[in-house]
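Good morning, and thank you for coming.

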Amino acid sequence: MEPDALPLARLQFAFTIAVHIIFPAFSIGSSAFVATLLVLWRQTGKEHFHRLARFWTKIFAVSFAMGVVSGIPLSYQFGTNWSRFSEVLGNVVGPLIGYEVLTAFFLEATFLGVMLFGWKRVPPWLHVTAAVLVAFGTTISGFWILSANSWMHTPAGHVIREGIVYPVDWWAIVFNPSFPYRFAHMMSAAYLTTSVVVLAVGARYLLAGTYQTEAKTMMRMGLGMVAILAPLQLVLGDLHGLNTLKHQPIKVAAMEGHWEDDGPADLVLFGVPDQKAEKTHAEISIPGAASILLTHSTTGRVPALKDVPPDQRPPVANVFYAFRIMVGIGLLLILLGAVGAYLWWRGRVFDTRWYLRFAGHAWPLGFIAILAGWVTTETGRQPWVAHGILRTADALSPVSAATVATSLIAFAVTYFTVFSIGVYYIRKLIRHGPKGSAVEPPKQEHGLGNRPLANAQETTREARSTGPAA
Amino acid sequence: MTPDTLTGTAFWLPLISAGIVAIAVAMYVVLDGFDLGIGILFPFFPKEADRDRMMNSVAPFWDGNETWLVLGGNGLFVAFPLAYAIVMPALYVPLIAMLLALVFRGVAFEFRWVAKPHHRKWDIAFAAGSTVAALCQGLMLGGLIDGLRVAQGEFAGGPFDWLTPFSVMCGLGLVVGYALIGACWIVMKTTHDLERKARAFAQPLLIALAAFILLVSVWTPLEYQRVADRWFSMPNLLYLSPLPILTAALVVICWRGVRGTHTTAAFYSAVAVFVLAFVGLAISSYPYLVPWELTLWDTAASPESQKFILIGTAILLPFIIGYTVFVYYTFRGKLREGEGYH
């Protein structure tokens, strides 16, 4: 194992998984949104639900494809770059990922075909079912992957013989101590992130004066979700934090930038952690507040980084800043939801332009928060890849630094190119808007909306572009 | 560990697991084979309308097809973690190249349509991604058969050990093979000019594939004594000779199917040829998962892990196959007008 390969391999995995998480997070939310729209359409017969379903299906399809192709290299990286991880932890982690493939991946990938292309081949109830199954599949996927990841943070249900981990109690493994909190927190994050995007898109159309019916529906559905999920996420995050305090105290110490256990701990709002000097410079903190928050007592002691030797501490600055970014955005989203809900209650939300502009620009916030949260938790787990069992530095494959450097560059170029183009195309689809709905005009005439000529032209153009010779 | 010294679950469990992994890999090769084949054939079908229809013919299936790759690779991870830990670093370069090629191929399905009329770069991405992925899969196969250097339970060779004339031949053979089943798929799913042109392409491809299979069948026993012993010793020769005979028969059926008017015979016989070639390779390499050092028993996961995943697989695999068949049935027959990406 070449030590030089370690930082490159870490960077490669961190980079590939960071790009990846953006798309499944959006897919989880948008597939559920499409399924909901389809159900609403079938139940009410209102054409704008149909148009919205078609519109968001296109966006979902692009996001889903990017999630799939960015995800496949991840499971293969367990072998190519982290073969010691596979060898030591494979008996436990392997089956969990195996179940993800068997229960989730096949379900979503297969029914995706019906959802995207089966509008005319299957009866309506079956088409809606396909969309629901896809949404369900994305959630099951989240279940298994978070179980596997949580086990790495709070291992349980296993024994170690001759340096290899063996499973003993599968229930304890799957439902390990941190899993329920992390699963709930991530699912909520996925739905919240998508809701912010839907709200933002609705707000933008309202500002532009186009697609009024659809825009109002999107705003209502998006805002309703944000108003509920953003505060919920704070509660879930708090519970998650308390669980982390119990099982991974040093991670909490890093999140708090708390070096020395010398009495009740201050809540550090901002500062500059210094790993070498073992202190946080320029601290702005609330005295004793960390003790109150974490132990519900003014005299409670909070874990400190100096409780353990330096080689068992994570890179504090990364964890510290990432945590604050995530919480900061979380608070902002609570504000977005609360202000929007108030304006909605007063019947003014569709006309309050400053709010529409605020919402319209808020779409990336969920994604940034998700990335910041994952940096917090994964970097906070270091130096362990499996807490207390295997250090990341010892999990590497016997591959040379030159080889890893080459693959890292190849991944970086590919991912950067492909995925930024993908985001550009999604924005293009959003700009294009939920016009027209099908090659054939819909059965109900009033469904063509308030711009019949434009819709007719659009429908004709779409029909011709899918024919044999455009 | 040799099979003769093991009894009971210690013997059967890894064998069943290996069977499941083999089935997953075979399913992948067949299903993604025609998807990739379509991409490989793209440069030879320059009309936009043809390309539209080729892509639309596989649009509902490609994602489910590619998932078998995840099951195969993951199956190895789950059931044979030691083999996974050795084989993956050994095949690092072609594996990473394949994964990146599949990224481009996969997004091309969606991006090409959103990008219209500036979709030319995605045509290239689709064609190049498919071809590189197929080539790399063959290189990995050849590299695996060549054997890996192992020391103290870890890969101990260099980054280009897998690159040999044999593996290059396997790579080219697989590209040709996938192009053939891709062409047969187009024959099955499209009509008029596109179908005719696909038939015309399938003929030389079939001949080329037959030549490659013949070449591999002659090369491997000549190069590897153990393979010669496996196939040509008695009574193995009697039991195994149906395989090449059946393969030859299927090649003839495929030829007839391609030249005639029947639309499905060519595709299914080409698929059968692939399956038989795969079976042949499995016979040649059994029981080694890490040729030629470690058997499937050497590298198997703990029995608890294998049992845990096999129970689930036994229940879930029938469902997966069931709904996969359902989706293929739903989109059966020729591609309909206006169907697909829009």
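**A salt bridge within a helix**

A:Arg84 forms a salt bridge with A:Glu87, and their closest N and O atoms are 3.7 Å apart. By salt bridge I mean a side-chain nitrogen of Lys or Arg within 4 Å of a carboxyl oxygen of Asp or Glu. Both residues belong to helix α3 of chain A (residues 83-117), where they are three residues apart, about one turn of the helix. Helices (H or I, at least four residues) and strands (E, at least two) are DSSP runs, numbered from the N terminus. Over all chains, the structure holds 19 salt bridges.

Two remarks on conventions. This is a predicted model, in which local features need pLDDT of at least 70 and side-chain atom pairs count only at pLDDT 80 or more, while totals for chains, interfaces and linings use all residues. Residues are numbered from 1 along each chain as its sequence is written, chains are lettered from A and ligands numbered from 1 in the order in which they are written, and side-chain values use heavy atoms, with hydrogens and water left out.

**The interface**

How many salt bridges are there between chain B and chain A? The count is zero. On the side of chain B that touches chain A, α5(B) gives the most, with 15 residues. By class, that side has 42 nonpolar, 15 polar and 13 charged residues. Here Ala, Val, Leu, Ile, Met, Phe, Trp, Tyr, Cys and Pro count as nonpolar, Asp, Glu, Lys and Arg as charged, and the others, Gly among them, as polar. In total, 70 residues of chain B are in contact (heavy atoms within 4.5 Å) with 77 residues of chain A.

**Backbone geometry**

Most residues other than glycine have a negative phi, and most peptide bonds are trans. In chain B, a cis peptide bond joins B:Met234 and B:Pro235, with omega about -5°. B:Pro235 sits in the loop between α9 (225-232) and α10 (236-240) of chain B. The bond from B:Tyr286 to B:Pro287 is also cis, with omega near 0°, and B:Pro287 is in the loop between α12 (265-285) and β3 (288-290) of chain B. In chain A, A:Glu162 has a positive phi, near 50°; this residue is in the loop between β1 (158-161) and β2 (164-167) of chain A.
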